[in-house]
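Welcome, and please open the model in your viewer. We will go from stop to stop, selecting a few residues each time.

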Amino acid sequence: MLRYAASRLVSLILSLVVASLVIFAVLEIIPGDAASFMLGMNAAPDTLEALREQLGLNGSLLSRYLGWVTGMLQGDFGTSYTYRTPVAELIAARMEVSVPLTLYALVLSTAIALPVGLLAAARQGKATDLAVMGTTQLGVAVPNFWFAMILVLIFAVNLRWLPSGGFPGWEKGVWVNVKALTLPAVALALPQASILARVMRSAVLETLTQDYVRTARAKGLNRTQAVLRHAFRNALIPVLTILGLQFSFLLAGAIIIENVFFLPGLGRLIFQGITQRDLIVVKSVVMILVGAVILVNFLVDLAYALVDPRLRRRA
C-alpha cells in the first residue's frame, strides 16, 4: 500500500508542476494587463510604466513564474491589484463559503444517489426502476440555475422557510449559515445525485453478472441480498471516480449558483478577478482549485486500492 501511495504521490507532484506552468502561460499570453485596466486606455506612458513596476509586471517571465510558485509554497499568494489585499486573505474568506457549500452538496448528493441507485438495480425492469431512471433523466436535463430559481420561489418567497440568498458569516452562528447554504446546496446536489444514481445502478448491474454473484444467488440469496452483500462494494470503483469528479465540479463550477444566491465564494472571486484583470487573484485561485482536483484524484486512487486490493499488487 505504501509503494502504491508513493507512486501516486509522485504523479500528484508532477501534475501540480505542469498545471502551474499551463496556468501561468495561459494567463500571461492574454492581451492587456492589470496596469492598463486600472489606469485606462488614455494613461500616460510614464504613469503606466511606474504602475507596472510597482505591481511587479516588468520582470522576466521566468522570474515572475518562480516568484509566484515560491510565494505559494510559502503561503504568500501576492497582493490583489484591485483590492490591495493579500490574495491569501481573499481566498481564505471565500473558502469559508465554497468549501462548506461543496461538502454540503456532496453529502446530499451521495445520501440521495447511493440508496436510489441500489434500489433501481435491485428492482431492475420494474416500476421502481423505471421511475428512478425517468426522474434521474429529468434531473440531468434540468439546468441547476433554473432549478435554483424554482427553489427560491417555493421555499424562500412563498413558504418563507429559508433565506433567498446571502451569507451572514460563521460568527452569526452555525444554524443561520446552514440555512443560508441549504437552497444552493440542494440546487447543486440534485443534478449530481441524478448522475451518480445512474452510475451506481449501471455499476451494480454489471457486477451482478459476475460469476461470484451468480454463485451467491445459486446458494439461495435473493437479488436484493446479492446486491447488498456482494455487488455493492465491487461497484464502488466507478462511483468513487464520479464522486471525485463531482467534488471538483462543485468546488470550481458553482459560479452561476453563487451568483444566483449572492454567495461570496471562490467561483465569484474568479469571475470578479477576470472582469477586473486582477490576474494574480485569478492565477492563485485557479491553481488552488486545480490543486484541489489533483488532491481529490489522489485520494480517490488511494480509495481504489482500499476497495480493490488487486491495484496494490500491480503497483
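Before the first selection, one cut-off is handy: a residue counts as exposed when its relative accessible area is over 50%, as buried when that area is under 20%, and as partly exposed in between. Keep in mind too that this is a predicted model.

**Stop 1**

Start by selecting F262, in the loop between helix 12 (255–260) and helix 13 (266–275). Is F262 buried or exposed? Its relative accessibility is 53%, which is over 50%, so F262 counts as exposed. Now look at its backbone: phi of F262 is positive, about 55 degrees, although the residue is not a glycine. As background, most residues other than glycine have a negative phi.

Next, select R84, which sits in the loop between helix 4 and helix 5 (87–122). R84 is not a glycine either, and its phi is positive, near 55 degrees.

**Stop 1: along helix 5**

Helix 5 has 36 residues, and from its first C-alpha to its last it reaches 50 Å, close to the 52 Å expected at 1.5 Å a residue. Where is the kink in helix 5 centred? Select M95: the kink there is about 40 degrees.

**Stop 2**

Now select residues 174–208, which form helix 8. This helix has 35 residues, yet its end C-alpha atoms are only 43 Å apart, short of the 51 Å that a straight helix would reach at 1.5 Å a residue.

Which backbone oxygen does the side chain of N177 reach at 2.5 Å? That one belongs to G173. The side chain of N177 also reaches the backbone oxygen of G169, at 2.8 Å.

K179 is another residue of helix 8 to pick out. Its relative accessible area is 27%, so K179 is partly exposed. Show L162 as well: K179 and L162 are 17 residues apart in sequence, while their C-alpha atoms are 6.1 Å apart in space.

**Stop 3: the second largest pocket**

Rolling a probe the size of a water molecule over the atoms shows where empty space is left. The second largest pocket holds about 380 Å³ of space. It is lined by 15 residues, and those closest to its centre are L16, M72, L73, M287 and G291. Helix 1 (2–28), helix 4 (61–73) and helix 14 (279–307) are the elements that give two or more residues to this lining. How many residues of each class does the lining have? There are 13 nonpolar and two polar residues, and no charged ones.

**Stop 4: two chain positions brought together**

Finish in helix 14 by selecting F298. With 14% relative accessibility, F298 counts as buried. Then select L9 and draw a distance between the two C-alpha atoms: F298 and L9 are 289 residues apart in sequence, but 7.3 Å apart in space.

Technical notes. Residues numbered from 1 in each chain as written. Predicted model: local features only at pLDDT ≥ 70, side-chain atom pairs only at ≥ 80, totals over all residues. Heavy atoms only, no water. Helix = DSSP H or I, 4+ residues; strand = E, 2+ residues; numbered from the N terminus. Expected span 1.5 Å × (residues − 1). 1 Å grid on protein atoms, 1.4 Å probe; cavity = no way out; pocket = protein on both sides within 12 Å on 5 of 7 lines; lining within 4 Å. Points joined across faces, edges and corners; volume = space filled by probe spheres on them. Nonpolar A, V, L, I, M, F, W, Y, C, P; charged D, E, K, R; others polar. Buried < 20%, exposed > 50% of the residue type's maximum accessible area, 1.4 Å probe, protein only. Polar contact = N/O pair within 3.5 Å; in protein donor to acceptor, adjacent residues only side chain to side chain. Bend = angle between axes of the 7 residues up to and from the residue.
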